Amino acid sequence: MELELITIIVPVYNAEKYLSKCLNSLKEQSYQNLEIIMINDGSTDSSVEICNEFCKSDNRFTLIEQKNKGLSMARNTGLDYMHGKYVFFLDSDDYIHKECIELLYENAIEFEADISMCNYVKFQNGQVIEKKIYNEPIQLLKKEMILDISTTGVNNRSERIVLACNKLIKSEIFQNLRFPNRIHEDEFMIHRYILQAKKIVWTDAVLYYYRQHDESITGKKNRKDLKHLAVLEAVRMRIKAFSGNEYEDVFLQVLCSYFENAIIQFLLLACKENKKKLIWRIYPQYLCTLIRYSGRLSRRQFLHYLLFLISPQYYRKRYWD
């Protein structure tokens, strides 16, 4: 069987410390029929030189230059240039297992899936010790995914579903779809993936290595940035997306996830400098949503979420301490 072309999109911005590791993990993939599109998003370090070296040594690598527009716009540029039947996103500070693309592709073919997903591991320093891979793919139902993205707190299973970079996706899904130019762009995309995909397959095999560092948007330096409230807008979009009768049995979990996320974001972001702004950004929309959907909540749930508006600190003591 002829192997189909797969596009890998790598946005690059001042990633010189990690970029070679990232690109080498692509060069060494067991699946060979790749086009690797690197988008230099206005880097001011040696990232461009590193990318050019890979282009010289391997004709599967292509470098596209653009002014700094952010991660989402860099991914969208890559989508505009792709030719593959499937597309995979890789951030330039991360890397993947040498069999990542091959296994995801095999799972997609076996299950005739539009999206093939894998597990991942987070790490901070150095690199992960790669373990033997056990690939036992299973089909995920749409409602299972909706329930997963609606979990919060200690039982949170949403990130493995929401993350854009652990997925091999049929290119046709992006025919009329692009990433929004904002923080937490993956959160805005997941319900669109779910609605468009007919079949989705998952493997617990850890194939993606997700680097954590302080300079990232979710790192220590940006932890109190109110831009993180974009998550709440993304969840409100899910409420609208899954309000139809076919999703009736999971809608309550989607709705409750909005209130839970609002409370969590408030508690995470609140500090002396931004507390008033935070209240004005969260409370009005939260109250409107609570009133609008009060009929979908039990009396106990309604009072439970109303309590947050009256006493946020009580909620902290009850759920966080």
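**Reading a predicted chain**

Trainee: Which residue just after H4 takes a positive phi?

Mentor: That residue is Glu112, with a phi of about 50°. Glu112 is not a glycine either, and its place is in the loop between H4 and strand E6 (115-123).

Trainee: Is Glu112 buried or exposed?

Mentor: The general idea is a scale with two cut-offs: under 20% relative accessible area is buried, over 50% is exposed, and what lies in between is partly exposed. Glu112 has a relative accessible area of 59%, so it is exposed. Asn14 has 30% relative accessibility and therefore counts as partly exposed.

Trainee: How do I read the length of helix H4?

Mentor: The general idea is to compare the span with the one expected at 1.5 Å a residue. H4 covers residues 100-111, which makes 12 residues. From its first C-alpha to its last it reaches 17 Å, close to the expected 16 Å.

Trainee: Which residues of H4 are buried?

Mentor: Cys100, Ile101, Leu103, Leu104, Tyr105, Asn107, Ala108 and Phe111.

Trainee: What does the span of H7 show?

Mentor: The 12 residues of H7 should span 16 Å at 1.5 Å a residue, and its end C-alpha atoms are 17 Å apart, so the two values agree.

Trainee: How many residues of H7 are buried?

Mentor: Nine of the 12 residues are buried, so H7 is largely enclosed by the rest of the structure.

Trainee: Which residues does Phe174 touch?

Mentor: The general idea is to set aside residues up to four places away in sequence. After that, Phe174 touches Leu79, Met82, Val87, Phe89, Ile169, Phe179, Met189 and Tyr193. Phe174 itself has its place in the loop between strand E8 (167-170) and helix H7 (185-196). With a relative accessible area of 1%, it counts as buried, because it falls under the 20% cut-off.

Trainee: How many residues apart in sequence are Phe174 and Val87?

Mentor: They are 87 residues apart in sequence and 9.4 Å apart in space, C-alpha to C-alpha.

Trainee: Where does Gln124 lie, and how far apart are the C-alpha atoms of Gln124 and Gln212?

Mentor: Gln124 lies in the loop between E6 and strand E7 (138-140). Its C-alpha atom is separated by 4.9 Å from that of Gln212, 88 residues away along the chain. Leaving aside neighbours within four places in sequence, Gln124 is in contact with Arg211 and Gln212.

Trainee: What about Ser47, and which residues is it in contact with?

Mentor: Ser47 is in helix H2 (residues 47-57). At 0% relative accessibility, it counts as buried. Its contacts beyond four places in sequence are Val12, Asn14, Ala15, Glu16 and Leu19, and Asn14 among them is the residue with the positive phi. The C-alpha atoms of Ser47 and Lys170, 123 residues apart along the chain, are separated by 29 Å.

Trainee: How is the whole chain read, and how many helices and strands are there?

Mentor: There are 12 helices and nine strands. A compact globule of 321 residues would have a radius of gyration near 20 Å, and the chain has 21 Å, which agrees. Its C-alpha atoms fill a box of roughly 65 × 45 × 35 Å along the principal axes. Of the 321 residues, 53% count as buried.

Notes
Residues numbered from 1 in each chain as written. Predicted model: local features only at pLDDT ≥ 70, side-chain atom pairs only at ≥ 80, totals over all residues. Heavy atoms only, no water. Helix = DSSP H or I, 4+ residues; strand = E, 2+ residues; numbered from the N terminus. Expected span 1.5 Å × (residues − 1). Buried < 20%, exposed > 50% of the residue type's maximum accessible area, 1.4 Å probe, protein only. Rg over C-alpha atoms; globule rule 2.2 N^0.38 Å. Contact = heavy atoms within 4.5 Å.
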